[in-house]
Amino acid sequence: MRFLLAPDLSAPTGGNRYDAELLARGVVDRVVGSLGEVPDGSSVLLDGLLASARPDLLAAHSGRVRLVLLVHLLRADDVPPEPVLAEEVRSLRLVDAVVVPSRSAARRVLEVSGVQAVVAEPGTAPARPSVARGAHRLLSVGTVGGRKGQRLVAEAVARLGGPWSLRCAGTVAEGFALPGTTLLGPVDHAALQAEWDRADLHVLLSESEPYGMAVAEGLVRSVPSLVADRGELPDLVGPAGIVVEPDVDAVCAALGRWAGSAELRVATRRAAADRELATWDETARIVRETLWTRR
């Protein structure tokens, strides 16, 4: 039997989408709330948000069940690193296998722990191409807060003035505000497709990003991205976007270059349309094989 130990999957996050796609494809038999529910000899896929910094919990069940840790993002890269990093490294060394969403994430895991991780990139689902052909309408998709660089883009938009605009689709962190920006909050599939249809350019200026699922979702719809030169983002976007330092001057310069060059917009949209990305079936196959065969 194969189980998933995961947080509340109802929240609209990239990590939850990943877990839900695996569930939908039968990679695991059911979700459990604790490792104590898992019978001896079973395999458990552990969402890193719950398990990556809990080495004592993993040690208590190591050897009794096969433990596979799914690390969407090293917590030490998202919160003050001490003592989280030490706990996370201990967890990485306790489990039977580690799954990460990108090659850069695998390098990071190897760097901090010496553990070789299995790469299972998030998949994408087919979607119709965006009809937008302008230059000034920017879209951010993902949790709105300190991590994904929306404040930086908002500052650039304010500096550049009209006709620039920024719309953000995703849960807004408590107390976070972006004057002059349209904060949509969580949106359903149809509303999100409508946002992609009106977006000229997707933006993701994270300081740390192990993959960038929203970038891939844009590429499927032929929407280029402006991304930070961090983590997996430069490799993911390739010629289908613009890579910059996460700095307001650099963002303003890049947006000016984008708006001023019809050739650049055509070339990046064409590259986005031509980009080949993993499917969720491929992601599920890799994780399934890891649950069954990796030690």
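Predicted model: local features only at pLDDT ≥ 70, side-chain atom pairs only at ≥ 80, totals over all residues.

Residues are numbered from 1 along each chain as its sequence is written, and side-chain values use heavy atoms, with hydrogens and water left out.

The sheet, then. Helices (H or I, at least four residues) and strands (E, at least two) are DSSP runs, numbered from the N terminus. Two strands pair if DSSP finds at least two bridges between them. In general, strands of a sheet pair through backbone hydrogen bonds, either parallel or antiparallel. Here six strands form an open sheet with parallel pairing, in the order β9-β8-β7-β10-β11-β12.

Look at β8, residues 165–169. Three bridges join β8 to β9, and the two run parallel. In that pair, C168 stands opposite L183 of β9.

Now the helices. Contact here means heavy atoms within 4.5 Å. Helix α10 (residues 248–260) lies across β7 (137–141), β10 (201–204), β11 (225–228) and β12, and runs at about 160 degrees to β12. Buried means under 20% relative accessible area, exposed over 50%, partly exposed in between, with a 1.4 Å probe and protein chains only. In helix α6 (residues 150–160), the buried residues are Q150, L152, V153, A154, A156 and V157, and they pack against β7, β8, β10 and α10. After α6 comes G161, with a positive phi near 75 degrees.

Next, H202 in strand β10. Is H202 buried or exposed? It is buried, because its relative accessible area is 0%. Its side chain makes a polar contact (a pair of N or O atoms within 3.5 Å; within protein, one must be able to donate a hydrogen and the other to accept it, and residues adjacent in sequence count only if both atoms are side-chain atoms) with the side chain of S225, at 2.8 Å.

Last, S43 in strand β3, residues 43–47. S43 counts as buried because its relative accessibility is 5%. Leaving aside neighbours within four places in sequence, S43 is in contact with M1, R2, F3, R66 and L291.

Technical notes. Axes fitted to C-alpha atoms, helices over the stretch in contact; angles between N-to-C directions.
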